[in-house]
Amino acid sequence: MPKDSGIGASSKRREDVRFLTGTGQYTDDINIHGQAHVYFLRSDVAHGKINSIDTSAASAMPGVVRIFTGADFEGVGGLPCGWQVTDRFGEVMKEPAHPVLAQGKVRHVGDPICAVVAETLEQARDAAEAIELDITELPAVVDMKKALQAGSAKVHDDLADNLCYDWGFVEENKAAVDEAIKNAAHVTTLELVNNRLVANPMEPRVAVGDYNRANDESTLYTTSQNPHVIRLLMGAFVLGIPEHKLRVVAPDVGGGFGTKIFHYAEEAFCTFAARQINRAVKWTASRSEAFMSDAHGRDHVTKIELALDADNNFTAVRTETYANMGAYLSTFAPSVPTWLHGTLMAGNYRTPLIYVNVKAVFTNTVPVDAYRGAGRPEATFQLERVIDKAARELGVDPIALRRQNFITQFPYATPVAVEYDTGDYEATMAKLEEIADLSGFEARRKASEAKGKLRGLGVNCYIEACGIAPSNLVGQLGARAGLYDAATVRVNATGSISVMVGAHSHGQGHETAFPQVVAEMLGIDESMIDIVHGDSSKIPFGMGTYGSRSIAVCGSAMVRATEKIINKAKKIASHLLEASEADIELKNGQFSVKGTDKSCAWGDVTLAAYVPHNYPLEDIEPGLEETAFYDPANFTYPSGAYACEVEVDPETGKVTVERFSAADDFGNVINPMIVTGQVHGGIGQGIGQALLENCAYDENGQLLSASYMDYAMPRASDVPFYAVDHSCQTPCTHNPLGVKGCGEAGAIGSPPAVVNAVIDALHSGGHTNVTHIDMPVSPSRVWAAMNS
Amino acid sequence: MNLADSKVIAADRETVWQALLSADVLKDCVPGCTEMSGSPADGFEATVVQKVGPVKATFKGAVTLSDIVEGQSLTLSGEGKGGAAGFAKGGAKVTLSDHEDGTLLEYDVEAKVGGKLAQLGSRIIDGFAKKMADQFFENFRGAVEGPSDQTAETAEGDGEKKGWFKKIIG
């Protein structure tokens with residue numbers, strides 16, 4: 001029987017009332033009296049030496065308030081990187097300066113050179129046209145492998161070469177892995193590209209910097225997934241503003257997908273410039289600017305080898321990956337190809353020996369950082385593709401090969417440093433077979449063939465590490481921040497509740513799901529509870545939302561704070577009911593004395609806390625407000641099995657996704673409807689990556705796909721109706737809610753299923769020489785593969 | 001992108017060569033060129049108005065002649081900055097040789113674009129560059145040969161247009 005409130009209920013998303021009626025309050029909706037507008041003049045060459053910048057004519061243009069260049073930021077900090085990776089040889093990564101406005105050189109198309117602040121955006125734009133730039137174009141570094149060759153042009157002149165780091169994991173296992181591969185009965189090798197993507201949230205990035213001279217306080221309104229992280233990075237490392245003088249607000253945010261985690265130059269600029277000119281400064285990215293200034297995602301080039309013994313047991317995995325960092329290190333860029341990628345190379349399988357090598361490379365392209373899944377989709381894609389290829393080479397059923405190698409005992413310590421606390425991969429695979437109707441596939445294939453189409457089935461598993469992350473562990477791995485979270489539960493006098501949470505909701509439905517948890521714990525109506533998020537002046541602290549961490553980490557903090565509330569409320573109730581505290585029970589919003597009919601209501605207790613006329617003032621303070629910080633003991637490990645069926649038109653190479661099924665294990669689920677929506681969105685983005693999306697540069701570092709004419713986003717007609725199930729639940733063992741997180745799963749699990757299905761379709765049509773097609777699997781690539 | 005093509009021009013090599021070195025000819029031949037000044041030795045300053053796909057812009061830039069082998073070959077290079085539209089660069093290696101119908105002009109064109117032009121127009125840039133090059137050398141042939149009878153007729157409404165060569169020789 002489905003519940004109609006509390007944990008497990010599909011409560012309707014209350015935030016949708018404003019999102020669907022156009023009454024959301026986004027950063028661009030914020031206008032401050034007297035604000036000026038900034039237009040950034042950006043580099044149109046990928047690599048160049050700045051000889052001179054002449055702003056004299058532009059400064060005299062109508063409406064211009066001030067024009068800033070890199071020189072204005074000398075003495076101001078650069079944009080910091082939040083993660084330091086140590087390489088195979090014990091050396092720390094190369095960490096070049098990342099100025100707010102270019103200094104000396106431009107290093108990618110879109111690199112900001114000048115910022116024109118004017119009364120209106122149009123005036124700022126016009127003035128930018130009058131700036132005379134003298135830039136000598138330099139040879140651009142674009143291809144990662146060429147970038148590492150001797151004699152290559154250098155993105156950063158002060159570094160020896162374009163290598164950021166050469167990471168080996170686990171380095172001590174390298175010799176054993178090499179040996180196992182040498183002695184294997186069978187080795188399957190696959191070389192592939194994980195295509196560069198642009199996140200493309202519906203709302204582009206916006207920043208409004210404000211300054212109040214009266215109290216020397218700066219406020220930044222920004223499209224961020226983590227306002228406290230921005231306050232920390234920008235205040236401490238870039239502008240030198242202490243926390244109590246810097247407020248960061250991220251109001252309604254229209255999608256993030258990772259690209260709004262990072263601290264960007266435009267945020268620092270608007271905050272800095274507002275102090276300089278004593279006026280608010282506003283910037284709203286155009287879509288073209290978003291393409292060349294939002295951190296991109298993925299962009300790995302990988303070779304993976306899977307070794308098997310004579311009985312088809314996996315014995316070793318060895319990978320070599322080139323990971324594109326772009327021109328500068330974005331906030332968390334170094335962690336993505338390393339700790340969020342290498343640690344997942346065991347997948348769902350008992351592979352005893354694993355070695356991952358990652359070379360991170362600087363190129364004259366937009367910086368690359370986390371995008372939905374961040375490292376884990378790259379790990380899943382290569383592993384699940386190479387397993388599929390191995391099954392074909394060995395002539396065994398790909399599902400059976402996976403099943404044979406599943407991890408079945410938990411907890412399971414992988415050879416890549418993480419310990420899966422719980423899971424049941426057989427259960428999700430069995431559920432997948434049911435919801436995807438795999439037994440009916442052959443009949444559907446025949447029906448497709450009767451229409452002249454090739455039909456393929458692709459299946460894969462995935463595991464991810466979510467609930468990011470135990471602070472002591474990530475500190476050892478190079479994180480320069482803790483990754484706990486915090487919540488304050490403020491119970492008001494009449495019993496209504498405001499919960500201030502460090503997580504930030506930008507589409508995830510926190511405003512609905514978080515109150516469900518508190519309502520369940522207190523036995524009161526969800527409508528009595530609101531969450532407050534996104535404002536550093538209103539919430540205690542918070543590391544924000546990414547890595548499917550909100551409910552697992554911040555939700556746990558909220559549970560701990562609510563437990564403190566319950567403990568205190570019971571003390572008040574025991575006083576009101578003249579009973580022993582140990583005998584007080586809280587059920588359905590009523591405090592009662594065990595074994596009696598004496599009770600008082602939630603509202604009686606909360607009122608007593610704020611009107612303490614009859615109150616144990618000698619024992620406890622008045623008021624009812626508690627804060628908790630929660631630092632997770634481990635990552636959480638959602639897992640699942642996905643199936644995709646495609647039709648390929650042999651005449652044109654066009655691939656259509658006919659069916660897509662997802663069986664996930666997210667542990668306990670707070671709101672099944674929201675979880676289903678998260679999975680839908682993730683699969684949509686995964687299909688987008690697999691079939692459509694590609695961020696392309698030419699050999700001169702010119703960005704070629706910078707509008708929706710050339711960057712193909714998935715549309716409703718590109719995806720089928722999904723069959724989604726999350727009834728397989730092995731609750732997380734180390735957080736109080738038993739939750740694992742669901743935000744990224746769809747984007748992690750879906751690309752290999754699509755490509756596996758395309759290869760299966762081509763094989764069914766006799767194209768057995770086709771072993772791999774790189775994403776996006778576009779009609780031209782499929783057609784070329786069929787005709788190769 | 002690179003493309004190569006050739007044209008036969010009904011004029012002797014010396015005439016064709018002189019035309020290649022003329023600012024007036026270049027101005028008439030560069031599609032969309034509104035201004036051109038300068039000399040072969042110092043290079044030319046040019047203003048060109050062009051629409052590439054969705055982007056229309058005024059490009060200001062320089063055209064230079066290099067690798068000059070008198071009467072035989074030269075390289076025409078141009079670089080135009082279109083402000084917010086980005087930039088375009090191009091070069092054409094032009095080689096002349098004798099031909100039974102006059103002079104064979106062979107050209108090897110290279111074109112590059114950057115900024116907004118690349119971001120929004122990359123799909124069409126190859127076709128655009130080919131069209132520009134074809135037009136340029138077709139205009140050039142027309143300028144050297146003068147209008148054919150057919151084009152003269154169609155151009156009548158605009159007043160009779162004479163080719164550069166015919167203007168000089170009367």
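In chain A, helix α14 (residues 510-522) packs against helix α15 (residues 550-576) at an angle of about 35 degrees, and their axes are 10 Å apart. Axes are lines fitted to C-alpha atoms, for helices over the stretch in contact, and angles run from 0 to 180 degrees between N-to-C directions. Helices (H or I, at least four residues) and strands (E, at least two) are DSSP runs numbered from the N terminus. The crossing of α14(A) and α15(A) is right-handed; the near helix is then turned clockwise from the far one by less than a right angle, and anticlockwise in a left-handed crossing. On α14(A), the residues A:H510, A:A513, A:F514, A:V517, A:V518 and A:M521 meet A:S550, A:I551, A:G555, A:M558, A:V559, A:T562 and A:I566 of α15(A), where contact requires C-beta atoms, placed from the backbone, within 7 Å. This contact of α14(A) with α15(A) has nine nonpolar, four polar and no charged residues. Ala, Val, Leu, Ile, Met, Phe, Trp, Tyr, Cys and Pro count as nonpolar, Asp, Glu, Lys and Arg as charged, and the others, Gly among them, as polar.

The model is predicted: local features need pLDDT of at least 70 and side-chain atom pairs count only at pLDDT 80 or more, whereas totals for chains, interfaces and linings use all residues. Residues are numbered from 1 along each chain as its sequence is written, while chains are lettered from A and ligands numbered from 1 in the order in which they are written.

α15(A) also packs with helix α16 (residues 602-610) of chain A, at about 95 degrees and with axes 9 Å apart. α15(A) is therefore roughly perpendicular to α16(A); this class covers 65 to 115 degrees, with angles under 35 roughly parallel, over 145 roughly antiparallel and the rest oblique. A:A569, A:I572, A:A573 and A:L576 of α15(A) make the contact with A:D604, A:V605, A:A608 and A:A609 of α16(A). By class, seven nonpolar, no polar and one charged residues take part.

## Packing of α17 and α18

Helices α17 (residues 672-692) and α18 (residues 745-764) of chain A pack at about 40 degrees, with their axes 7 Å apart. α17(A) and α18(A) are therefore oblique to each other, and their crossing is right-handed. The contact comprises ten nonpolar, ten polar and no charged residues.

## The seven-stranded sheet

Chain A contains an open sheet of seven strands in the order β3-β5-β1-β12-β9-β10-β11, with mixed pairing; two strands pair if DSSP finds at least two bridges between them. β3 (64-69) and β11 (246-249) of chain A are at the edges with a single partner strand each, so one side of each lacks a neighbour in the sheet. Neighbouring strands are turned by 20 degrees against each other on average, direction ignored.

Strands β1 (residues 36-42) and β12 (residues 281-284) of chain A run parallel and are joined by two bridges. A:H37 has A:K282 in β12(A) as its bridge partner. Helix α6 (residues 227-239) of chain A packs on the sheet, touching β10 (217-222) and β11 of chain A.

## Domains and chains

Chain A is assigned domain 1 (419-467 + 636-788) and domain 2 (484-630), with bounds from an automatic or database domain assignment. Their contact takes 16 residues from domain 1 of chain A and 15 residues from domain 2 of chain A.

Between chains, the contact takes 14 residues from chain A and 13 residues from chain B. The chain A side has six nonpolar, four polar and four charged residues.

Key: Contact = placed C-beta atoms within 7 Å.
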